Amino acid sequence: MDLPNRQSPDSPPGPSRRRFLTALGAVAGTGALAGCSFGNRDAARDEQTDSETADGGDGGSDTGGSGGNYFEPGPTVRLEEVATGLVSPSALVTADDGMDRRFILDQVGVVHVHDAEGLREDPFLDLSDRLVALGEDLPNWVAYDERGLLGLAFHPEFASNGLFYVRYSAPADDPELDHRERLSEFRATEDGERGDPDSERVLLDLPWERPIHQAGSIEFGPDGYLYAALGDGLNPFNGQDLTHNLKGSVLRLDVDGRTDDKPYGVPEDNPLVGQDGRDEHYAWGLRNPWKMAFSGDQLLLGDVGQATWEEVNVVEKGANYGWPLKEGYHCHDPQLGTSEDGECVVESDRGEPLVDPVLEFPHFDEAGDAVGFAVIGGHVHTGSVDAIRDSYVFGVFTSSFTAAAGRLVAATPREDGRWPMREIRVAGGLDIQVLSLGVDGDDSYVLGTRAALSDGPLTKREGVVYRVRPPQ
């Protein structure tokens, strides 16, 4: 995910924006994650009256009491703390092996096991010695290091073959590169209790020139293939370049096969097989796809915006989602880095239609108050919390440098047109920056950190995992 130092010229002025400049100066050493405009909801909060921030006793959507700007108020849920002491929990996944356990990724390189007794002392896998040095030698405009341990997926036959797959950021020997993005296969020990770090088989080892926009989610689809999300590497034109690299795309790989000299197979029905472009591409035109998940046969993906808008897409084979020609439903100028309404480009240079997202939200509302920056892709909740059942639940990373000001949103899926959204109210308040969401059977989970951006989250153990529960 990334948050910007760029102010959009067509964004509305307001007290939140003006005060943000002061807040930005106060944390100039932190900077902003490159990409979108940024504001300070805390400053806006100071100007709200008690009646504007009250929520009738059900609990606000965040500790700051956002006042519910932009999103319609929605259902109330309760969050039950199930794990603490993490640094930056980046994913929660499960393995189809009949065991009651969840695997929690910590961005700093450790895969933890959570079971009925809580967080186990011994990790499932520790790759911290294989990661690039997080937080070091970053440009001053990067506030949150996006590199690290980013994705985990268990083979559909994990119970019998013990195979699982990991996305992480590795050091690079080339001084022209910031790091390398690696997708690797590992094997668990015979009892399935631990991953064997010496079993690594590298599938992809990609050069990465800059320290952001690598995305990282990996998911097995119902077809048995592995889907991997890659950001544009902070070069917006990579989203439309299908020939020279794999960036700005969702890839689709056959981990059980081999094609030519590749350590993986390419499904024969991938959209560019036999055509111009890299065969691994499944869908493209993406900027920084931060978190994706399957709902049945449907792949849902959050894509972090730059200038003004965040979006969620339904990913389809061979679809072009428009970046950098569009941002959300709006025209985007990749040279100026601005988005606005108007008569937009409707197809790529290849003649492909540019597919609109199913929802979007702005960084600022019409009054100039912060809504949020960086969408956190989620999943369709099919579990026991009636208030959000069959809703697509996703997150908003934060809207503040100086407070943990994440948000949760529920959208109603539709077969066509935009999906209506409502903000999920959290009893007692939401006290984290939202980093990820996860699911295990009937249960949905929210992962995040209580540390504000200005506090250096990757230097603190403020990471927490919540289970979503019905309100009491």
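**Strand 24 and its surroundings**

Modeller: Strand 23 and strand 24 are joined by five bridges and pair in the antiparallel sense, and the model in which they are seen is a predicted one. Within this pairing, Val396 has Arg407 as its bridge partner in strand 24. Strand 24, which covers residues 407-411, also pairs with strand 25 (residues 421-426), again in the antiparallel sense but over three bridges; there, Ala411 stands opposite Met421 of strand 25. In general terms, such pairing of strands in a sheet is made through backbone hydrogen bonds, either parallel or antiparallel.

The side chains of strand 24 are mostly covered, with five of its five residues buried. For Leu408, neighbours within four places in sequence being left aside, the contacts are Phe394, Gly395, Glu423, Ile424, Val426, Leu430, Val434, Leu437 and Val446.

Leu408 also has a place in the largest nonpolar core, which has 45 residues and in which Leu359, Tyr392, Phe394, Leu408, Trp419, Val434 and Val446 touch the most other members. The element that gives the most to this core is strand 23 (residues 392-398), with five residues.

Arg102 lies in strand 3 (residues 101-106), and Arg102 counts as buried because its relative accessibility is 4%, where the cut-off for buried is under 20%. The side chain of Arg102 makes polar contacts with the side chain of Asp100 at 3.1 Å and with the side chain of Asp440 at 2.7 Å.

Elsewhere in the chain, four strands form an open sheet in the order 7-8-9-10, with antiparallel pairing. Strand 7 (149-154) and strand 10 (195-208) are at its edges and have a single partner strand each, so one side of each is left without a neighbour in the sheet. On average, and with direction ignored, neighbouring strands of this sheet are turned by 20° against each other. Inside the sheet, strand 8 (residues 163-170) and strand 9 (residues 179-188) run antiparallel and are joined by eight bridges, and Tyr168 has Arg182 in strand 9 as its bridge partner.

Burial is also found in a loop: Pro267 sits between strand 13 (249-253) and strand 14 (281-284), and it counts as buried because its relative accessibility is 2%. Apart from neighbours within four places in sequence, Pro267 is in contact with Tyr225, Arg252, Leu253, Asp254 and Val273.

For the chain as a whole, the secondary structure comes to four helices and 28 strands, and buried residues make up 60% of the 472 residues. Among contacts with a separation of 6 or more, 62% are between residues 24 or more positions apart.

Definitions and conventions: Residues are numbered from 1 along each chain as its sequence is written. This is a predicted model: local features need pLDDT of at least 70, side-chain atom pairs count only at pLDDT 80 or more; totals for chains, interfaces and linings use all residues. Side-chain values use heavy atoms; hydrogens and water are left out. Helices (H or I, at least four residues) and strands (E, at least two) are DSSP runs, numbered from the N terminus. Buried means under 20% relative accessible area, exposed over 50%, partly exposed in between (1.4 Å probe, protein chains only). A polar contact is a pair of N or O atoms within 3.5 Å; within protein, one must be able to donate a hydrogen and the other to accept it, and residues adjacent in sequence count only if both atoms are side-chain atoms. Contact means heavy atoms within 4.5 Å. A nonpolar core is a set of buried Ala, Val, Leu, Ile, Met, Phe, Trp, Tyr and Cys residues joined through side-chain atoms within 4.5 Å. Two strands pair if DSSP finds at least two bridges between them. Axes are lines fitted to C-alpha atoms, for helices over the stretch in contact, and angles run from 0 to 180 degrees between N-to-C directions.
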